[in-house]
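This report walks through one protein, from its overall layout to a few selected residues. The sequence and the model come first.

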Amino acid sequence: MAFTVRAPRSLKVRITLLTLTIFLVSVCLLVFYAVRMLQEDMRRLQGEQQFSSTSFMAADVNHEIEHRLRVLEEVAATLDPAAIGNERALQAFLEQRRIFQMLFNGGTRITGLDGKAMASVPLSAERLSADYVDRDYMVGAIKEGKATIGRPVMGKVLRAPVIGMAVPIRDGRGKVIGALVGAINLGKPNFLDRIVGSRYGMSGG
């Protein structure tokens, strides 16, 4: 049987193969590093864009809520304290403020210190008999004497998620004698819809 003995590769070939191997490994490492860096940059830029968009939307929501609270305070300041207890006068006062119908799609009401409505728009027996004294926005307005925005809760009359806002009504000496309340019905079209309905990028995520 005959055996064939391969001649050892020359030093030049070995050096060439080693150099090529080192070059290919270096290129692979460089590509891997470049891809990782590019991914990190893309994530950082996307995060900054999302944060910017979220901040803008949050500022818009804050502006809308502050505007409604400011309107409540301005209207409450124009209410004659002597009208508290006069349900007919209070009802007429509310019905004349048509701006409320645009700002508060869940209705508005004037309450006494007991939290029960003395006037309401829209007007209904159910709205007038409902007791809201336990709501956080009522506690803030009546007991603490400050304008308050409540947490979203299920409405007692509307049977839908609502956000309530209330400001104190004061007499000539600054004593709290009632509250002016506005409600935003989240189950109906409202100012939050344009933000919730906005899409981010192609997927909306």
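The protein has 6 helices and 6 strands. The model is predicted. From the N terminus, the order of elements is α-α-α-β-β-α-α-β-β-β-β-α. Helix H1 covers residues 11–78.

The protein has 205 residues, and 34% of them count as buried. Its exposed surface comes to about 13,600 Å². Carbon and sulfur atoms supply 61% of that surface. Among contacts between residues at least 6 apart in sequence, 53% join residues at least 24 apart.

**A glycine in a loop**

Gly-115 sits in the loop between strand S1 (108–111) and strand S2 (117–121). Is Gly-115 buried or exposed? The relative accessible area of Gly-115 is 0%, so this residue is buried; the cut-off for buried is under 20%.

Which residues does Gly-115 contact, once neighbours within four places in sequence are set aside? They are Ala-130, Asp-131, Tyr-132, Val-133, Met-138 and Ile-142. Met-138 belongs to this contact list, and helix H5 spans residues 136–143. Gly-115 and Arg-135 are 20 residues apart in sequence. In space, their C-alpha atoms are 8.9 Å apart.

**Salt bridges**

Side chains of opposite charge can pair when their charged atoms come close. The structure holds 4 salt bridges.

Where do its two residues lie? Asp-136 is in helix H5, and Arg-151 is in the loop between strand S3 (148–149) and strand S4 (153–154). The pair therefore ties together parts that are 15 residues apart in sequence. Asp-136 has 25% relative accessibility, so it counts as partly exposed. Arg-151 reaches 59%, so it counts as exposed.

Lys-146 is partly exposed, because its relative accessible area is 45%.

Notes
Residues numbered from 1 in each chain as written. Predicted model: local features only at pLDDT ≥ 70, side-chain atom pairs only at ≥ 80, totals over all residues. Heavy atoms only, no water. Helix = DSSP H or I, 4+ residues; strand = E, 2+ residues; numbered from the N terminus. Buried < 20%, exposed > 50% of the residue type's maximum accessible area, 1.4 Å probe, protein only. Contact = heavy atoms within 4.5 Å. Areas by Shrake-Rupley, 256 points an atom, 1.4 Å probe, with all protein chains shown as cover. Salt bridge = Lys/Arg side-chain N within 4 Å of Asp/Glu carboxyl O.
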